[in-house]
Each structure stands twice: as structure tokens, then as C-alpha cells.
Amino acid sequence: MHSKDQICPDDYQKTASWLQSQTHHRPKVAIICGSGLGMLADDFKCQDSFPYSDIPGFPQSTVQGHAGRLVFGELKGKTCVCMQGRFHMYEGHSLSKTTFPVRVFKLLGVETLIVTNAAGSLADSYQVGDIMIIKDHINFPGLAGLNPLNGPNDDKFGPRFPPMSGVYDRDLRKMALELCKRMGVSQFVQEGVYCMVGGPNFETVAEARLLHRLGVDAVGMSTAPEVVVASHCGLRVFGLSLITNKVVKSYDDTESVNHDAVLEVGKLRSQTLQSLVTELVHWMDINNNTA
Ligand SMILES: O=P(O)(O)O[C@H]1O[C@H](CO)[C@@H](O)[C@H]1O
């Protein structure tokens, strides 16, 4: 492992203390924005924002569509922190680096993590532009031994062998579906299984067919490590995938996916995603229901 990727147990606290010295916001909800979805912080009131390069211990974003900024603010009166840009394994970060912010959020007092991502669909019934509420995930790198919890367990954060069944909070999923109904957008909202692959290449046809047979509804190159670390340290988790493309499953299909097209779809659904996240955060607040 590269030395810049090594994390000492007190590095999380150092970063959390620095952030607490720079902002008066004390967030209960953290949001991680997927590719092209950074606008989720646009509605924050009383913003304090920090480029990742200014935050001690933070990795840097290198992917287009990930601005690399941490934004604190109020969303309908609830204090939130939002990562405009996440870290991916394929960028060369260790998994402990890609998930570093999640433990910092825990130390800041965050109780709920909302993860979002751009993903390709395998499910035949899904359309580009659909929003998938994540019901569960398959962590392919994790199954192959690439897990952010590898190494000595830090008991301060959680147990050596954390359960992962029920990791995507049932009540939040149920409420999100209900909110989508009220917002009149149910026709393009799905609930399904996300699968993380390592990337950075998109899938071959044979890989796509394999994922489809395994029951994967949407595939991407992120999210699962963040969710594993969040669940390990007791955060409540909610996840949304924006379906930005259909994964090519036929050798006769001449279409192919590219990152620019992925970013374009983010613009198409930005308003709906923003509204859904805002309404969900508001619901948590009125139900005093962050944890
Ligand atoms: O998962 P997010 O960060 O949304 O990004 C998705 O979009 C990129 C591919 O276009 C990959 O990084 C994939 O994981």
C-alpha cells in the first residue's frame, strides 16, 4: 500500500476536529453525491464549503463530475453535510481512503448516511432516467477480499464481524417510496439491487449477462465500501441510484456507454433527486428520526 494511503486511528479525529473548528454546523445527515449529482447540495442554506484540498487528511477527487468539495448547511432546517464528489477504488485510493469521510462523519455526530450514484441498468424493465431506491447490494470487490474493513478492527467504530443483512434501512426505503407517490414520480422509481464492480472499464457483454443472471438490477463502481463502513459504525443508510444507461447485454447492440452520457442524465433528473432527498431529510426531522 502507498504510504499516503495509510490511515492512523487518530487521523479520523484530527480531520473531524479541524472541520469542527471551521464550521458551526453540526450535521446529523451526510449525503454522498454520485457522478454528476453534486447539485444535491445546491439547496443548502447558510453554506460552509471546503475544497477537499483544504481539508487535512482528505483524499482528492480526480473524476469529472465530482467537484471535490465538502458542503455543510441546512436543508429544510436540518443540518447536513454533503460530499460533492466521492472517491473510487479505480482512482488508485485504498478502500480505507475511499471511505475515510464516512468515519469522519460518524465523529462529527452524523446518524444517517444518504449515498447516491450513477449506475447502469441490467433489469429489463428499467429505463434511462429511472431512480432506483437501493434495497441491497452485491459488493464484488468485497466478496473477492477487497474490503474497507480489512486490517485490524477499530473497536471504537464497530465489531470485527458486522452483519450486513438489512443494511439499507427499511423505514427510509418505505418512506421514500411513499414520498415518490406524493411527488407524482412513482412511474420512474424502482427498488432494486445495486452491484459494485471495480471499474474503471464498463462491462463486457459476458459480464453484463453474468450480472443479470445473478439478479443485479443496477451496476456501478462505488457505494458498497462506503455503506459497509457506515453500517459497521452504526450509521443508518439510505441509497439511490440514478439509471444513466442500459448496460449492453447483446452482441448485436451497437450502442456503448461513456462517462459524458452518464453525466448528462444527472442533469435530466437533478430536480427530482433533489426534491426526494430534501423531502426525506425533512421527514426524518419531523419524526425526529435520524437514527
Ligand atoms: O458511482 P458514481 O460515483 O456515481 O460514478 C459512476 O459513474 C462513473 C462511470 O461513468 C463510475 O465512477 C461509476 O461508479
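**Fold, burial and local backbone geometry of the predicted model**

Ala176 lies in helix H5, which covers residues 170-183. In this predicted model, a relative accessibility of 0% places Ala176 among the buried residues, for which the limit is under 20%. Leaving aside residues up to four places away in sequence, the contacts of Ala176 are with Ile133, Phe238, Leu276 and Leu280. Between Ala176 and Val189, which are 13 residues apart along the chain, the C-alpha separation is 9.8 Å.

At the level of the whole chain, the protein contains 8 helices and 9 strands. Its radius of gyration is 18 Å, close to the 19 Å that the globule rule gives for 291 residues, so the protein is as compact as a globular protein of that length. The C-alpha trace extends over about 55 × 45 × 35 Å along the principal axes. Of the 291 residues, 56% are buried. Among contacts with a sequence separation of 6 or more, 82% are formed by residues 24 or more positions apart.

The protein exposes about 12500 Å², of which carbon and sulfur atoms supply 50%. As to confidence, the mean pLDDT of the protein is 94, with 97% of the residues at 70 or more. The predictor assigns the complex an ipTM of 0.99 and a pTM of 0.96. Where pLDDT is low, predicted coordinates should not be read in detail.

The buried set of H7 comprises Ala224, Pro225, Glu226, Val227, Val228, Val229, Ala230 and His232. Just after H7, Gly234 adopts a positive phi of about 85°. Helix H3 (residues 100-108) is likewise mostly covered, with 7 of its 9 residues buried. These are Phe100, Pro101, Val102, Arg103, Val104, Phe105 and Leu108. A glycine with positive phi also occurs just after H3, where Gly109 has a value of about 100°.

Positive phi was also found at residues other than glycine. Cys46, which is not a glycine, has a positive phi of about 50°. This residue is placed in strand E2 (residues 45-51). With a relative accessibility of 56%, Cys46 counts as exposed, since the limit for that class is over 50%. Lys76, also not a glycine, has a positive phi of about 45°. In contrast to the strand position of Cys46, Lys76 is found in the loop between strand E3 (69-75) and strand E4 (78-84). The relative accessible area of Lys76 is 44%, and this residue is therefore classed as partly exposed.

A further backbone feature concerns the peptide bond geometry. Gly199 and Pro200 are joined by a cis peptide bond, with omega about 0°. Pro200 belongs to the loop that connects strand E7 (189-196) and helix H6 (205-213).

How values were computed:
Residues numbered from 1 in each chain as written. Predicted model: local features only at pLDDT ≥ 70, side-chain atom pairs only at ≥ 80, totals over all residues. Heavy atoms only, no water. Helix = DSSP H or I, 4+ residues; strand = E, 2+ residues; numbered from the N terminus. Rg over C-alpha atoms; globule rule 2.2 N^0.38 Å. Buried < 20%, exposed > 50% of the residue type's maximum accessible area, 1.4 Å probe, protein only. Contact = heavy atoms within 4.5 Å. Areas by Shrake-Rupley, 256 points an atom, 1.4 Å probe, with all protein chains shown as cover. pLDDT = per-residue confidence, 0-100.
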